[in-house]
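Subject: Structure for you to look at

Hello,

Here is the structure I said I would pass on. Please look it over first; my notes on it follow below.

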Amino acid sequence: MTVNKTNISVRKSNFLDMTISIFQGKFYFKLYDKRIDYNFDVISFPFLNGNIPKGQSYGVFLSQLVRYARVNCSFNRFVEDCKNLYGKLVDQHFDPAALRRRFEVFVNKHFDVWGKFGVDLTSEHIF
């Protein structure tokens, strides 16, 4: 087994699914997806034209929203990750209106996760 150094710098490192930075003595976290570093596409979410039940496929979107809100410290980074996921799922034949409804479910049921951003997501139009 070979252990490779994965630090980006002395104050920044990728660990699991996060980029951890230290700035002015504080830790900052954002989502890191190593699949972006590959020079080929990695299929990471279901296509709706397959045999997977649609309800469970849309559940993937909701669970990722919760994950994104937990990992990101910055509201802007959270929004960027959400928009990237939304675009990827629409490209994979997800219904945009159904995704927006799932986002509303996230906003209504998971204030404990997104409330840290100090932004009223009920009035924000992310998609």
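Helices and strands here are DSSP runs, numbered from the N terminus: a helix is a run of H or I with at least four residues, and a strand is a run of E with at least two. On that basis, His93 sits in the loop between α2 and α3.

Before the rest, some notes on the source. This is a predicted model, in which local features need pLDDT of at least 70 and side-chain atom pairs count only at pLDDT 80 or more, while totals for chains, interfaces and linings use all residues. Residues are numbered from 1 along each chain as its sequence is written, and side-chain values use heavy atoms, with hydrogens and water left out.

The loop between α2 and α3

His93 has a positive phi of about 75° although it is not a glycine. Most residues other than glycine have a negative phi. Gln92 is found in the loop between α2 and α3 as well. Is Gln92 buried or exposed? Its relative accessibility is 6%, so Gln92 counts as buried. (Buried means under 20% relative accessible area, exposed means over 50%, and partly exposed lies in between, with a 1.4 Å probe and protein chains only.) Leaving aside neighbours within four places in sequence, Gln92 is in contact (heavy atoms within 4.5 Å) with Phe45, Pro46, Phe47 and Leu48.

A positive phi also turns up at Gln24, where the value is near 50°. Gln24 lies in the loop between β3 and β4 (26-31) and is exposed, with a relative accessible area of 68%.

The core

A nonpolar core is a set of buried Ala, Val, Leu, Ile, Met, Phe, Trp, Tyr and Cys residues joined through side-chain atoms within 4.5 Å. The largest one has 30 residues, and those with the most contacts inside it are Phe78, Phe103, Phe106 and Leu121. Two or more residues come from each of α1 (54-71), α2 (75-91), α3 (96-109) and α4 (111-114). Of the elements, α1 gives the most to this core, with eight residues.

What does Leu121 touch? Not counting residues up to four places away in sequence, Leu121 touches Phe75, Phe78, Phe103, Phe106, Val107, Trp114 and Ile126.

Helix α3 has 14 residues and reaches 20 Å from its first C-alpha to its last, close to the 20 Å expected at 1.5 Å a residue. (The expected span is 1.5 Å times one less than the number of residues.) In α3, Ala98, Leu99, Phe103, Phe106 and Val107 are buried. The cover over the buried residues of α3 includes α1, α2 and α4.

Salt bridges

The structure holds three salt bridges. A salt bridge is a side-chain nitrogen of Lys or Arg within 4 Å of a carboxyl oxygen of Asp or Glu.

One of them joins the side chains of Asp17 and Arg67, at 3.0 Å from N to O. Asp17 lies in the loop between β2 (12-15) and β3 (18-23) and Arg67 in helix α1, so this pair ties together parts that are 50 residues apart in sequence. Asp17 is partly exposed, at 24% relative accessible area, and Arg67 is also partly exposed, at 27%.

Arg77 takes part in a salt bridge with Glu80, where the closest N and O atoms are 2.9 Å apart. Glu80 and Arg77 are three residues apart in helix α2, which puts about one helical turn between them. Arg77 and Asp81 also meet in a salt bridge, at 3.4 Å from N to O. This pair is four residues apart in helix α2, again separated by about one helical turn. An α-helix has 3.6 residues a turn, so residues three or four places apart point the same way. Through shared partners, Arg77, Glu80 and Asp81 are joined into one network. Within it, Glu80 is partly exposed at 38% relative accessibility, Arg77 is partly exposed at 22%, and Asp81 is buried at 6%.

Regards
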